[in-house]
Each structure stands twice: as structure tokens, then as C-alpha cells.
Amino acid sequence: MLFPKKPTSRFLLFTLTLLLLLLSSPININASDPTSSEDDSDDLEQLLALDEQEDQQQEGQDSEASVRFSEAEVLSKAQRIVLELNSDNSKRVIDANEYVLVLGYAPWCARSAELMPQFAEAATSLKELGSPLLMAKLDAERYPKVASSLDIKGFPTLLLFVNGTSQAYTGGFSADEIVIWARKKTGVPVVRISSTTEAEEILNKHQMFVIGLFEKFEGPDYEAFIKAATSDNEIQFLEAGSIEVAKVLYPDIKATNLFLGLVKSEPERYTSYEGTFETESILKFLDYNKFPLVTKLTELNSFRVYSSPVKLQVYVFAKADDFKTLLEPLQDVARKFITKILFIYVDIMDENLAKPFLTLFGLEDSKSTLVTAFDNKISSKFLLQSDPTPSNIEEFCSGLLHGSIATYFKSQPIPDNKNSSVLAVVGKTFDDLVLNSPKNVLLEVYTPWCINCDTTSKQVEKLAKHFKGLDNLVFAKIDASANEHPKLQVDDYPSLFLYKAGDKDSPIKLSTKSSSKELAAFINKHVKAKDQVPKDEL
């Protein structure tokens, strides 16, 4: 403990009172009251118990404060290792050092704030390892000209400068991942483990690593291993020439002279590589097996998740407490779909992460557990519409693999169009009211945030009144922000389409810049009236 424990105020008051009593009065025990001594003793014990309880609380608070102080001191020390760049020293520092890793940040950026302590911790580790890499940071908001000269455009940005030439950072964003990437890029793609003691230290240090066992550190197999280690940006590669050393890291090694395995600190801990020692094959093996059974999505790992070669991804949105009970059974489900489906957990209360996904399903206000899926090969999305029990999730995943789950298209509730001159179409009614309607349909596609949509909507309302006597023409509108349909692919808003009776597969697009009279003339040209069209002016 950094500071001696201070006596509590209650303890000081009790001690002072007791001392005054002892000094001012002789001790008097009343023999005629047999409970007197016991009562006094009980009172004293209660007071002592209260003091002990308060002392323990104070100890806990002091201990917590000590931990916070220790953590702050470590962070402060780490941040001092990171050089602060400015207008005067940036060019000099980058030109004078062979390797400089620069973090461009903005004080108001939440992701910058999340990355900063990881960056500082990595700087400490790299210094202890004797790395030649200099770690530096730049407040890009305070020094915009320097940021522009270094090509820092967003926040946070990590750039590695090698002899003054920059290259993009492509690693992970935890302190360990930054260290691994930095060492690989500065000449240490593989760490050789020569003793069981070193191997045991590795187990306590790395959450994930690759172990390669080789009889000799040469030959085509070993060269493929080294190339894979250099190409990979996230995982620490280790090599051993002794089966005894390798078994500390991977106990189930069967081979005696050539082996490669992936070790992760999670239930699915060991995965052995069964392929031939070719660089691309090794990298593919790692890409498909490096994620946990269930990955928690964060701001910092989001890019890695989205870019995974496992294109079928299941997202579970839940509150943190609810997910605790779901995690273990979900891992059991995920184990059955390893390398085929990537399972991802998103805290549904984290709006920055959850809301963009849930909006795609029209469920952005939901707070209950939801299970969705994306097939990134064909840009399709799916929704589990039954209770998110483990058995239902497993059935959902099987359906995804076999293609028997229908693609999800969001839709608003079916509206009441009674007495409406312009029918409101939603995703669920697009087939009935537009594609399967025996009539011609003039459809307006709009969004609430569209600047020009209001003008077009007013034109459509006028046209609907003008052509109200035309029985074979229907006017309709659909909010594309809240409704989807596979045959409605629109990129610009507002849009107007005429779906002609008998040819609904080839709608005619109308110009939204046309006047009401021009639109009316277009309709007269393409729609044959069964009844006389009213002649009132638009």
C-alpha cells in the first residue's frame, strides 16, 4: 500500500472518550446488578465492531485508490514514452529515425480516446523489448498542416514511416496486437522459443499465437512458415526445434519434427493445421480460425470482423446481462459451424454499434434480444423471427447454410388506405398493390430526409386528383427508408416509376424535374383511358 492507513474519525472519538472516562472516574462495578458488566461489555464490542467495519471499508477505499493511482502512474509513464509531435519537430523526427509509428488523433474523437492507452502500453512493451521503433502521436486538430503533410485524414490514423516513407497500419488495435504488428514490420516476424521456461512465459503473455515445430530451421516448409508470419498482420508466430518445448505451448502435438498449430485463450483453444506448408494455405487457415467462437464487436475490431473471409455472419444483439446467460449455449452452437459462420455479439445498448445494423431491419428502437445474419457474398440479410433460444438459433444457422431461409426485407405495418387518393405502399404490400395489380401504377419512391421529395409528393397528389376518373390508373408512394423489396432497387430520391399493366417487370422512369403538365402528358401518352379523363387544369 502506498500510503499508511489513516485512523477513522469514529475510532478517534471512541478512544478519546474512553480515555477521559478512565482519567476522571474510578472503575465501578455494581455487584447488585449482574447484567451491568455484560451490558457494558456488549456495548464495547458493538462499538469495536463498528470501528472494525469502518476500518475495513476505509482499507477497501484506500486499496482501490492505490490501484487507480498505480494504473494512472503506469499510463502516465507509458504516455511519456510516446513522443508528442508538433509543427517544429515532426519532419525532423520522421527523417532522423528508421522506424516511426505515428498515431494521428483528435481530442474529441471517442475512438482516439479508446486507442490512446493501448498505443501507450504498446510503446512501453516495445521499449522493453529493445525495439528500434519510435512511437509518436500528433494532435491533428491542433496541427492540421502537419497532419495534411503526413496524409492523416481521419481519426484515429496509424501510419508507419520507414526511412521517411509511410505505409498504412494493418494490424489490430489492442496493445499486444500493436506490438506484434510493429515487431513484424521491423524485422522480427517470428520469435524462437528455446526452453520450456520461455514457453511458459509465452502462455502468460499472449492471448493468441501460432506455434511451428521444425527439425531444422531451413527448407521450403520453414520458408513458407516465415513468409506467412511476415504476411500476417495480427498473430504472433513462434517457432521451436524441440518437441518438449512445443508441447508446453500445444500439449496435443502428435508430430515429432513438423507441426503448425493455432492457440487461443478461449474454450476452442487448440486448432492444428492439416494442410501442406504453403504460405497462402497457412494464411487461409488462420483467417478462418483466428476469431473466437463468439466475437464481441467493438469500434476497434469492426474492420477485422467485416473483412473476414467467413462471409456468412450471425449477429446477436442483446443487453450485456442477458448475453451472459446466452454465451455458453451460443458457443455450443457456434462450435458446430466453425469456419462456415462467424458469430458476433453486439451490445444492443451501444447505439454507435447496434443502431446502424438494426436500422437495416427497421428495428432500431428494439431493446430485446435479436438474432440477425448477413451473407456478405450477395449482400443479403436475414432475421430470426422466432424466440432466440439456442435450438432456434441452431436451426436458423442450418437454414442459412442450406439456403432455405428467406432473405429479410424490412417493412412498415400495413396501412389503412381507405379514401386515399395516393395509396401508401409498404414492403409487405408491394407485390399486391404494384406488381400484381391489374392496373397501371404510378409510384413515387421517397425518403423523409430527401430535400426535393416534398415537391414531388405535392405533384403526385395533384396528378391523382386530375386523373381520379381514370379507373385503370393508380397513384402510390413508398418510403424507401423504411420499406424494401427485391424488385425495388432505387439509389436516388425522389424517383417516379410507371408500372404499366401487363408489363410490370420493366417500369418506366419519369423525370422528377418535369412540370405537372409534362407529367400529365406523359401519362396520357402511355395509359389508355377507358373513361374520359377530366379536363380541369393542373
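Which residue does a disulfide join to Cys-453? In this predicted model, the partner is Cys-450, with the two sulfur atoms 2.3 Å apart. A disulfide is a covalent bond between the sulfur atoms of two cysteines. The structure holds one such link. The torsion about the S-S bond is 95°, and the link of Cys-450 and Cys-453 is right-handed.

Cys-453 belongs to helix α16, which spans residues 453–466.

The loop between β18 and β19 contains Pro-494. The peptide bond joining Tyr-493 to Pro-494 is cis, with omega about -5°.

Helix α16 also packs against helix α17 (residues 516–526). Two packed helices are described by the angle between their axes and the distance between the axes. For α16 and α17 the angle is about 50° and the axes are 10 Å apart. The two helices are therefore oblique to each other, and α16 passes α17 in a right-handed crossing. From α16, the contact involves Gln-459, Lys-462 and Leu-463; from α17, it involves Ser-516, Leu-519, Ala-520 and Ile-523. Sorted by type, the residues of this contact of α16 with α17 are four nonpolar, two polar and one charged.

Another open sheet of five strands has the order β11-β13-β12-β14-β15, again with mixed pairing. Its edge strands, β11 (295–296) and β15 (380–383), each pair on one side only. Strand β11 pairs with strand β13 (residues 342–347) in the parallel sense, over two bridges. One of the residues involved is Thr-295, whose bridge partner in β13 is Ile-344.

Which helices pack on this sheet? Helix α13 (residues 351–359) lies across β12 (312–318), β13 and β14 (370–375), and its direction is at about 115° to β12. Helix α14 (residues 390–402) touches β12, β13, β14 and β15, and its direction makes about 15° with that of β14.

Helix α14 has a helical neighbour in α12 (residues 320–335): their axes come within 10 Å and cross at roughly 25°. That angle makes α12 roughly parallel to α14, and the crossing is right-handed. Pro-329, Leu-330 and Val-333 of α12 make the contact with Pro-390, Ile-393 and Glu-394 of α14. The contact of α12 with α14 has five nonpolar residues, no polar residues and one charged residue.

A further helix pair is formed by α4 (residues 110–128) and α6 (residues 175–185), whose axes come within 8 Å and cross at roughly 50°. This makes α4 oblique to α6. Here too the crossing is right-handed, with α4 passing α6. On the α4 side the contact residues are Leu-115, Gln-118, Phe-119, Glu-121, Ala-122, Ser-125 and Leu-126; on the α6 side they are Ala-175, Ile-178, Val-179, Ala-182 and Arg-183. They divide into eight nonpolar, two polar and two charged residues.

Two local backbone features remain. Most residues other than glycine have a negative phi, and most peptide bonds are trans. A cis peptide bond joins Phe-155 and Pro-156, with omega about -15°. Pro-156 is placed in the loop between α5 (144–149) and β4 (157–162). Asn-163, in the loop between β4 and β5 (165–168), has a positive phi near 50° and is a residue other than glycine.

Terms used
Residues numbered from 1 in each chain as written. Predicted model: local features only at pLDDT ≥ 70, side-chain atom pairs only at ≥ 80, totals over all residues. Heavy atoms only, no water. Axes fitted to C-alpha atoms, helices over the stretch in contact; angles between N-to-C directions. Helix = DSSP H or I, 4+ residues; strand = E, 2+ residues; numbered from the N terminus. Parallel < 35°, antiparallel > 145°, perpendicular 65-115°, else oblique. Left-handed = near helix turned anticlockwise from the far one by under 90°. Contact = heavy atoms within 4.5 Å. Nonpolar A, V, L, I, M, F, W, Y, C, P; charged D, E, K, R; others polar. Pairing = 2+ DSSP bridges. Disulfide = S-S within 2.5 Å.
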